[in-house]
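Reader: I am new to this structure and would like to learn how to read its features. Please take me through it step by step.

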Amino acid sequence: MAERPPRVIVTKIGFDGHDRGSRVIAACLRDAGMEVIYTPPWQEIPTVVKLTMEEDADVIGISSLATDHLIVPKLMAALKEAGLSDVQVIVGGIVPAKDESMLLECGVAQVFHPGTSLDDVVVSVRALSEKRRALLGAST
């Protein structure tokens, strides 16, 4: 039986309602053959954690235009508490260098900045999905 394609949640947490970038990424990943669960803006962390569990997501993509990436450490802690620390989290958007370091230190797998090619995003998300599945395989 063929393995299912990568399953990715594309979402925005916090109060940033600018979702053009997240819609572009969601469409790109879908067109690349991935299963994409897209949420509208203004998601709360418990909602994202619940959705991640229900959908058995491999990767969560967080889009940030304002400073909502600053609450990603709370998401990372909530995922760990829910037993979902194997889920790979990426952040894309406007992220200053000092904040990028903080995100990587709290467990974010990768940060994408404006101008990153869509092909690079697709390759990275596929690799992160494989990494998550390898982690799951190692734990069974």
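Predicted model: local features only at pLDDT ≥ 70, side-chain atom pairs only at ≥ 80, totals over all residues.

Reader: Is serine 124 buried or exposed?

Author: Buried means under 20% relative accessible area. Serine 124 has 14% relative accessibility, so serine 124 counts as buried.

Reader: Which residues is serine 124 in contact with, leaving aside its neighbours within four places in sequence?

Author: With those neighbours set aside, serine 124 is in contact with Gln110 and Phe112. A distance can be read as well: the C-alpha atoms of serine 124 and alanine 109 are separated by 9.7 Å, and the two residues are 15 apart along the chain.

Reader: How do I look for empty space?

Author: Rolling a probe the size of a water molecule over the atoms shows where empty space is left. Here the largest pocket has a volume of about 530 Å³. It is lined by 27 residues, and those closest to its centre are Gly21, Ile25, Ser63, Gly92 and Gly93.

Reader: Which elements give two or more residues to the lining of the largest pocket?

Author: They are helix 1 (20–31), strand 3 (59–64), strand 4 (88–93) and helix 5 (118–139). The largest share, 6 residues, comes from helix 1. By class, this lining has 13 nonpolar, 11 polar and 3 charged residues.

Reader: What is the volume of the second largest pocket, and which element gives the most to its lining?

Author: The second largest pocket holds about 160 Å³ of space. Among the residues that line the second largest pocket are Met76, Leu79, Val89, Ala109 and Lys131. Helix 3 (72–81) and strand 4 each give two or more residues to that lining, and helix 3 gives the most, with 3 residues. The classes are 7 nonpolar, 3 polar and 2 charged.

Reader: Which residues of the largest nonpolar core touch the most other members?

Author: A nonpolar core joins buried residues through side-chain atoms within 4.5 Å. The largest one has 18 residues, of which Ile62, Val72, Leu79 and Val108 touch the most other members. Helix 2 (45–55), strand 3, helix 3 and strand 4 each give two or more residues to this core, and helix 3 gives the most, with 4 residues. Apart from this core lies another, of 13 residues, among them Val8, Cys28, Leu29 and Met34.

Reader: What is valine 108 in contact with, leaving aside its neighbours within four places in sequence?

Author: Beyond those neighbours, valine 108 is in contact with Val72, Met76, Val89, Ile90, Val91 and Leu103.

Definitions and conventions: Residues numbered from 1 in each chain as written. Heavy atoms only, no water. 1 Å grid on protein atoms, 1.4 Å probe; cavity = no way out; pocket = protein on both sides within 12 Å on 5 of 7 lines; lining within 4 Å. Points joined across faces, edges and corners; volume = space filled by probe spheres on them. Nonpolar A, V, L, I, M, F, W, Y, C, P; charged D, E, K, R; others polar. Buried < 20%, exposed > 50% of the residue type's maximum accessible area, 1.4 Å probe, protein only. Contact = heavy atoms within 4.5 Å.
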